[in-house]
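Here is a short briefing for a first look. Start with the sequence and the structure below.

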Amino acid sequence: MLTVRPEPSLDPQLLAEIVREHGTPAYVYDARVLDGNVRRWVEAVGDPSRVCYAVKANYNLAVLARLASHGIGFEASTVGEMARALAAGIAPGRIVLGGVPKSPQAVAVGIGRGLDLVVLQAAHEVEAAIEASTSLSGAPARVGLRVRPGIRAGAHPSLETGRADAKFGFGPSEIRDAWEALSRTDGLRPTTLAFHLGSGLDSLTPYEAAIDVLLGIVGDLEASGRPVRELDLGGGLGVAYGDTGSDLEPADLVRIVDERLAGSGLTTRYEPGRSIAARAGTLVTRVLYRRERDGHPALVCDGGFTDFGRYSLYGAQHRIEPLEGRLEGPETVEVLGPTCESGDKLGTGRRLHGVQPGDLLAVRDVGAYGFVMASNYNARPRPAEVLVDDGGWKVVRQRESLEDLWRGETVG
Ligand SMILES: Cc1ncc(COP(=O)(O)O)c(C=O)c1O
């Protein structure tokens with residue numbers, strides 16, 4: 001079942017008012033959209049602690065704190081993301097250190113920090129966890145293993161992570177030895193098998209195929225007297241970014257997962273990122289000037305791929321809307337960034353009405369994998385981030401200053 005794409009929540013006048021004070025480009029997040037998306041997940045799963053927001057999608061501290069107010073957990077893929085979650089006031093016992101490649105030092109930090117769960121995804125991480133557990137004095141640390149189920153999920157190739165040739169996790173035949181090694185270690189309690197098929201999926205079918213692979217492994221481990229308690233199904237639900245289409249619903253995923261796992265005794269955990277944060281964000285950029293390219297008009301803006309890279313990285317076509325309503329047009333335009341690369345684009349083939357230099361454009365649904373992937377290339381300060389709530393709005397990350405660009409450097 002698919003749901004209809006919601007209308008943009010942040011109205012043009014409010015966005016224009018915000019950037020009048022704080023300049024462009026600027027990210028603006030709607031806290032009410034974050035709330036709504038978390039509630040959809042929590043209602044579907046039935047227990048907030050089993051919804052672990054993927055911190056990487058948007059780790060502004062105010063966003064994390066807002067999400068934490070719903071009682072959910074958090075999945076950090078690095079020690080840096082874990083530190084951000086802690087800095088937002090989230091207790092270690094609500095944080096999962098996820099199954100993304102980690103150094104032995106990072107594994108040791110996770111094991112020693114009293115986290116909810118540490119997911120290990122390579123033999124050297126298992127060795128590091130066993131080594132780190134010897135320094136624990138309290139309860140054993142909960143650990144899990146990431147499985148590479150060998151499933152093509154239909155996402156952009158760069159975002160596919162569960163294929164047989166992916167760099168993540170253990171192949172099904174490698175799990176048994178790793179699980180046994182963890183089970184034999186007093187300081188560790190293996191509970192969980194995890195997978196993450198990829199990000200931006202537009203179908204639930206790959207989850208069913210992956211669960212079947214995991215159930216085979218669970219049966220094998222159970223037969224050898226090493227039961228598995230939990231499946232962590234990662235994230236992945238896609239968002240329809242364009243002018244048409246619809247989003248996948250958490251409730252539909254949970255229903256098929258629960259049906260598949262009925263009678264298995266396994267509990268479940270999810271790590272949604274994009275489906276919580278994407279629709280909450282808008283990037284506001286100003287048109288610097290127009291020019292003709294290959295006979296087509298192009299709008300060169302003050303925001304580009306250093307601020308929002310999803311078109312340049314994945315060809316993602318986000319909705320782009322002028323904030324000023326004009327009647328002329330429409331015309332088909334390219335929306336370009338200002339940097340020194342020809343590939344610096346926010347979108348192509350857009351039907352926009354009479355946009356003039358100085359106008360503001362809103363790039364929609366950029367709350368996930370937006371600011372977190374911004375760079376300082378061309379020595380461009382990263383944009384401000386603003387959070388809008390019922391009670392108004394506030395800047396939750398200042399625009400970087402020029403001095404921020406060389407902080408920590410020395411001249412010789
Ligand atoms: C291990 C893991 N869990 C969860 C996620 C979040 O995925 P999404 O934002 O598609 O929900 C990712 C994204 O890369 C991931 O690597």
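The side chain of His 318 reaches the backbone oxygen of Asp 365 at 3.4 Å. This is a predicted model, where local features need pLDDT of at least 70, side-chain atom pairs count only at pLDDT 80 or more, and totals for chains, interfaces and linings use all residues. Residues are numbered from 1 along each chain as its sequence is written, and side-chain values use heavy atoms, with hydrogens and water left out.

**His 318**
- His 318 sits in the loop between α11 (310–314) and β14 (320–322).

**Domains**
- The assignment, automatic or from a database, gives domain 1 (98–271) and domain 2 (279–406).
- Between them, the contact takes 10 residues from domain 1 and 9 residues from domain 2.
- Their C-alpha centres lie 36 Å apart.

**Largest pocket**
- The largest pocket has a volume of about 620 Å³.
- A pocket is an open set of points on a 1 Å grid over the protein atoms alone, with protein on both sides within 12 Å along at least five of seven lines; lining residues have an atom within 4 Å of a point.
- Its volume is the space filled by probe spheres set on the points, which are joined across faces, edges and corners.
- The largest pocket is lined by 31 residues, and Lys 56, Val 100, Thr 161, His 196 and Tyr 369 lie nearest its centre.
- Domain 1 and domain 2 each give at least three residues to this lining.

Technical notes
Helices (H or I, at least four residues) and strands (E, at least two) are DSSP runs, numbered from the N terminus. A polar contact is a pair of N or O atoms within 3.5 Å; within protein, one must be able to donate a hydrogen and the other to accept it, and residues adjacent in sequence count only if both atoms are side-chain atoms. On a 1 Å grid over the protein atoms alone, a cavity is a set of points where a 1.4 Å probe fits but cannot get out, and a pocket is an open set with protein on both sides within 12 Å along at least five of seven lines; lining residues have an atom within 4 Å of a point. Contact means heavy atoms within 4.5 Å.
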